[in-house]
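Biologist: Could you take me through this model, please? I have not worked with it before.

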Amino acid sequence: MSILIKGGRVIDPANKIDALLDILIEDNKIYKVAKNIKAQANSIIDATGKIVAPGIIDMHVHLRQPGREDKETVATATVAAAKGGVTTVLAMPNTNPAMDCLENVELSRGIIAKDARVNVLICGTITRGRLGKELSDIAALKKSGVYAISDDGCSVDSDELMFEALKEAKQSEVLTICHSEDRKLSSKGVINMGFNSTRLGLRGISNESEYKRVARDIELAEKSGASVHIAHVSCRQSVEIIAKAKKKGVKLTCETAPHYFSLTEDALLGYDTNMKMNPPLRSSEDVAAIKQGLKDGTIDVIASDHAPHTENEKDIEFERAEFGVVGLETELSAGITELVDPKLLDWNQLFEKIAFNPARILGLDSGSLSEGRPADIVVISGDKEWTVKKNELVSKSKNSAFLGRVLKGVVDYTICDGKIVYVRQLSVH
Amino acid sequence: MSWTKKDLLGLEYLTKEEIELILDTADSFKEVSTREIKKVPALRGKTAVNLFYEPSTRTRVSFEVAAKRLSADVINIATETSSVRKGETLIDTGKNIQALKADIIIMRHNCSGAANMLARALDISVVNAGDGWHEHPTQALLDIFTLKEKLGKIKGLNITIVGDIAHSRVARSNIWGLTKLGANVTVCAPEMLLPVAIEKTGAKTSSNIDEALKDADAVNVLRMQFERDEGAAFPEQLDYFKRFGITGERLAKAKKDIIVMHPGPINRGIEMSSEVADGANSVILEQVTNGIAVRMAVLFLVSQAREVKT
């Protein structure tokens, strides 16, 4: 099986390439990247006028299976991923059962082997049942092949336990992903604390509840020497604290999600539950800080925090609705619309955040277009606009914060492991 | 000007002119309640449904009286005995009421934003009778109506609102309405009961009731909400009556004709002494009477807006 992608603008941050080139794929690998490749191929993709880049590696995805197949399954999520140009996802472990032991990881691996359309990597838990009480067998989880550990959705409140976890993680050479939130401070909050929480009469979640825990997690990272990745950074002070720690040399990376640079807390003014997530949409000042952090490199990664919920869980009273939004199908377009189009990042910098850096952080071969690497590639019409519509989302859940928004950038082809896993259907009008 | 909104969700969403239109309309309806036969046919053939998810007597009864004086048919749904108990969602309940061809839903709900959500989901009118900590627009409208009746105007008045501002929908609606009409609003509460950034509404804040009363033309005394326990602030713990309670002694140091309002029901001896509640400055029962006229106006205007649209 061979594929020749011809005449596209190839973006490859690993090799600092931004040029019109052809790519030849053979046997699931990138065989050659060069001008005017003359070769026979089973399929030829004309990429004239299109962007050709490494497939997106999304480090923060809730697949919901096993346990909540009514929200999403491995099958539906990975179809959505392919449509969004995502070729690898890191599956968060807050499933039912949680990914806290070998047996559960095996269960998940079985489903993935059967149903996944793109690469799915498993993240194990830090503590058993994500309860923050006793550590999972981190060494055994690592041996079972998890790419990271996280109690995502919860933070490990006990400093002592978190320190123990990080020491084990260092020993086992596994990345720890921190959901940095002090529940004692965020409490029953549902939106960002500020004038909007006051006028809407909703309980607020302060920046403090995030950045204080970010600071603690960094402190423990430094003390233990473990590699730590801070998930879904949403506020100014977190960016500042992370920048300072990085300067100091702490082994630290972090991510933000598209909604944190695309939307402010003003999106909440109509009580739209599709704007309800944790951490919450923040002030315009915070959004500016997130953008600046992406630009100056403090923020390494953009990940979707894809969190599907059914309509029954979203189309209800605001404070009773679940936290979270889907994002696999919109993250690339949000990045193009909010970052590349306004020239905050160039194409290479965008793909650094959504492919190259995640690969580096997770220790993957993909995320680059170097010859010999896995053929995970996305072909994009970078300028094409589309409107996000509920009935056109292929994820099982439709709780997108971008519904109704016009975004730039449409995926034409997604190639995963040398196979075309998504082709955009030309709309017939 | 004419009214165009099918719903009344909060005073934040209204213009000064729209608020004035409600007040003027209420003014013309007030007389109906003084007639021998207290009824006009304005809403004859219309159906209004009281959908109350929180216990309320005075607001529900006031709406019922208002609707009946306009000749509307009124149905009361107590959620404890309806299919809400069986897990029906708010939107499903609303759509069922709409399918019964009701014209207006008057809703009280313990979740902020519930009325906004229902209004978005339905074509019929939704009147917010209080949602969580968010808004209680008809209470503020009747407060403002009463003030205007007593003092002839709103612009330039100094109004103090005292109580648990953080958890009060009455406070929020009053702040929006009064500031839009040009009053100077001061909210007074223990610091922990002042919500974040409330001064961005234009209201001033104070934690000293004597200072907040000094130049006040009126004081609106909020009920301390025992039933909405947030685990934080109990009046006793705050020594509330001593620090913030409205007493004759405190009023003696305020303007002589200061108007004392309260949305009811009063906790005598907690936010206000009996002497003040029953005293010459109190307009508490007049507020109740004015509530009918204001709610008649609101029901009438939202029905009209729907008729214009269809």
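Biologist: Which residues of H12(A) are buried?
Modeller: The buried residues of H12(A) are A:Glu331, A:Leu332, A:Ser333, A:Ala334, A:Gly335, A:Ile336, A:Thr337, A:Glu338, A:Leu339 and A:Val340. A residue is buried if 20 or more other C-beta atoms, placed from the backbone, lie within 10 Å of its own, exposed if 12 or fewer, and partly exposed in between. Helices (H or I, at least four residues) and strands (E, at least two) are DSSP runs, numbered from the N terminus.

Biologist: And how many of the residues of that helix does this make?
Modeller: For H12(A) the count is 10 of the 10 residues, so the helix is largely enclosed by the rest of the structure.

Biologist: What kind of model is this, and how are the names assigned?
Modeller: It is a predicted model, in which local features need pLDDT of at least 70 and side-chain atom pairs count only at pLDDT 80 or more, while totals for chains, interfaces and linings use all residues. Residues are numbered from 1 along each chain as its sequence is written, and chains are lettered from A and ligands numbered from 1 in the order in which they are written.

Biologist: Is A:Lys343 buried or exposed?
Modeller: A:Lys343 is exposed, because it has 7 other C-beta atoms within 10 Å.

Biologist: Which other residue has a positive phi although it is not a glycine?
Modeller: A:Glu173 is one of them, with a phi of about 55 degrees. A:Glu173 sits in the loop between H4 and strand E10 (175-178) of chain A, and A:Glu173 counts as exposed because it has 11 C-beta neighbours inside 10 Å. As background, most residues other than glycine have a negative phi, and most peptide bonds are trans.

Biologist: Where are peptide bonds cis, then?
Modeller: The bond from A:Gln65 to A:Pro66 is cis, with omega near 5 degrees. A:Pro66 belongs to the loop between strand E6 (56-61) and helix H1 (74-83) of chain A. Another cis peptide bond runs from A:Asn278 to A:Pro279, with omega near -5 degrees. A:Pro279 is found in the loop between helix H9 (258-262) and helix H10 (284-296) of chain A.

Biologist: Back to H4(A): at what angle do H4(A) and H7(A) pack?
Modeller: Helix H4 (residues 159-172) and helix H7 (residues 207-224) of chain A pack at an angle of about 45 degrees, with their axes 9 Å apart. Axes are lines fitted to C-alpha atoms, for helices over the stretch in contact, and angles run from 0 to 180 degrees between N-to-C directions. H4(A) and H7(A) are therefore oblique to each other; angles under 35 degrees count as roughly parallel, over 145 as roughly antiparallel, 65 to 115 as roughly perpendicular and the rest as oblique.

Biologist: Which residues in H4(A) and H7(A) meet?
Modeller: From H4(A), the residues are A:Asp159, A:Met162, A:Phe163, A:Leu166, A:Lys167 and A:Lys170, and they meet A:Arg216, A:Leu220, A:Ala221, A:Lys223 and A:Ser224 in H7(A).

Biologist: Now the two chains: how many residues are in contact?
Modeller: On chain B there are 20 residues in contact with 18 residues of chain A, where contact requires C-beta atoms, placed from the backbone, within 7 Å. On the side of chain B that touches chain A, helix H3 (90-99), helix H4 (114-121) and helix H6 (169-180) of chain B give two or more residues. H4(B) gives the most to that side, with 3 residues.

Biologist: Last topic: where is B:Lys101?
Modeller: B:Lys101 lies in the loop between H3 and strand E3 (104-109) of chain B. B:Lys101 is exposed, because it has 8 other C-beta atoms within 10 Å. B:Lys101 and B:Lys46 are 55 residues apart in sequence and 9.1 Å apart in space, C-alpha to C-alpha.
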